[in-house]
Amino acid sequence: MEQRHLGRTGLRVSRIGLGTLTWGRDTDEHDAADLLKTFWEAGGTLVDTADVYGDGEAEYLLGRLMEGLIPRRDLVISTKAGSVPDPDRRFDGSRGHLLSALDASLARLGTDYVDVWHIHAFDPYTPLEETLQTLDLAVSSGRVRYAGVSNFCGWQLAKAATWQLAAPGTRTRLASTQLEYSLLQRGVEREVLPAALDLGIGMLPSSPLGRGVLTGKYRNATPADSRGASEHLAPFVAPYLDDTASRIVDAVQTAADGLAVSPLQVALAWVRDRPGVTAPVIGARNAQQLTAALSVEALSLPDEICRALDDVSAPLHRYPDHDWSTL
């Protein structure tokens, strides 16, 4: 699998990442082992997790597999901290919480460092400077090699990245940002992606297959074994089952038919090769699904197909999001 630099850093990662959102909850140890081995054998390196996935079970499971199945040195482990199970305060970016969460993640993963550590979301109740100084502490201590943020909107990302570049002292440059990005969700193109491109920050799209909808599996009905039929994941899929999404899914199917490939491959290749994207993170349910996704390595979409998909899925950009030079 092709390797790409993560933003403006020396770290290289596979251009497809493996997500672990369901590990330890819907994905058991046997299936997780098959997924990780399949990914590794295909040349994949970037494995993305978080301290709250499966209430910590995803990290614990990944740690066990690294211990007995895949050498730690062969993987680029990305995890996150900052989400908390508190209905009154969903995110905690304070120094105390983040450092405690990092120590707990390292213990579950069974490693003394993570390659990339992301702040899971912006915390409006903690000064941003405190959160960013925590990234500096984590890197300077050797427990974290590179730092990034997740779910930051455009101004939040730009403010955080600029502070790290401009503030005095030794600061940790932001390497990456992780947000949802697909043909069904192109909101990052308004401000986040332009900021990331300008600042040299690598984009790691989550849900690059539109929460599974872009595979076409929901075109006629909801499969009984799908996430859309799952009690706790059905609300996650539901927003992308409307008429607008249906038109985009139909266009993806048409492109797939013309290229003699699957809709999954078309949708994944489109987002993988968007400007600023380093590696979309896919959350396959089993090794068979993952193998199908990894087969996209050999596919590059023709320009005319990309333009057609761009047109049918184009988000509405109005003042002041437009580039003024085009108005």
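Buried here means under 20% relative accessible area, exposed means over 50%, and partly exposed covers what lies in between (1.4 Å probe, protein chains only). The model is a predicted one, so local features need pLDDT of at least 70 and side-chain atom pairs count only at pLDDT 80 or more, while totals for chains, interfaces and linings use all residues. Residues are numbered from 1 along each chain as its sequence is written, and side-chain values use heavy atoms, with hydrogens and water left out.

Back to His 118, which is part of strand β6; helices (H or I, at least four residues) and strands (E, at least two) are DSSP runs, numbered from the N terminus. Contact means heavy atoms within 4.5 Å. Leaving out residues up to four places away in sequence, His 118 touches Ser 78, Thr 79, Lys 80 and Ala 81, then Gly 148, Val 149 and Ser 150, and also Ser 176 and Leu 204.

Now for the aromatic rings. A ring pair is described by the distance of the centres and the angle of the planes. Rings of Phe, Tyr and Trp (its six-membered ring) pair if their centres lie within 6.5 Å; planes under 30 degrees apart count as stacked, over 60 as edge-to-face, and the rest as tilted. The count by this rule is three aromatic pairs. In one of them, Phe 122 and Phe 152 have ring centres 5.5 Å apart and planes at 80 degrees, so this pair is edge-to-face. Phe 122 comes from the loop between β6 (114–119) and α4 (128–140), and Phe 152 from the loop between β7 (144–150) and α5 (154–166), so the pair ties together parts 30 residues apart in sequence. Phe 122 is buried at a relative accessible area of 17%, and Phe 152 is buried too, at 2%.

Tyr 181 and Trp 270 also pair up: their ring centres are 5.9 Å apart and their planes sit at 70 degrees, so this is again an edge-to-face case. Distant parts of the chain are linked here, with Tyr 181 in the loop between β8 (174–178) and α6 (192–199) and Trp 270 in helix α9 (residues 263–272), 89 residues apart. Both Tyr 181 and Trp 270 are buried. Ring pairs also join Phe 122, Phe 152 and Trp 155 into a cluster.

A charge sits over a ring if NZ of Lys or CZ of Arg is within 6 Å of the ring centre and within 35 degrees of the ring normal. The charged end of Arg 145 does this with the ring of Tyr 113, 3.7 Å from its centre. Arg 211 has its charged end over the ring of Phe 236, at 4.2 Å from the centre.

Arg 211 turns up again in the backbone angles. Most residues other than glycine have a negative phi. Arg 211, not a glycine, has a positive phi of about 60 degrees; this residue is in the loop between β9 (202–203) and α7 (234–237) and is buried at 18% relative accessibility. Ala 260 likewise has a positive phi of about 60 degrees without being a glycine. Ala 260 lies in the loop between α8 (243–259) and α9, and is exposed, with a relative accessible area of 70%.

On to the helix packing. Two packed helices are described by the angle between their axes and the distance between the axes. Axes are lines fitted to C-alpha atoms, for helices over the stretch in contact, with angles running from 0 to 180 degrees between N-to-C directions. Angles under 35 degrees count as roughly parallel, over 145 as roughly antiparallel, 65 to 115 as roughly perpendicular, and the rest as oblique. The axes of α4 and α5 come within 11 Å and cross at roughly 55 degrees, and the two helices are therefore oblique to each other. Residues Leu 128, Glu 129, Leu 132 and Asp 136 of α4 meet Lys 159, Ala 160, Trp 163 and Gln 164 of α5.

For α5 and α6, the axes come within 8 Å and cross at roughly 15 degrees, and these helices are therefore roughly parallel. The contact involves Gly 154, Leu 157, Ala 158, Ala 161, Thr 162 and Leu 165 from α5, with Val 192, Ala 195, Ala 196 and Leu 199 from α6.
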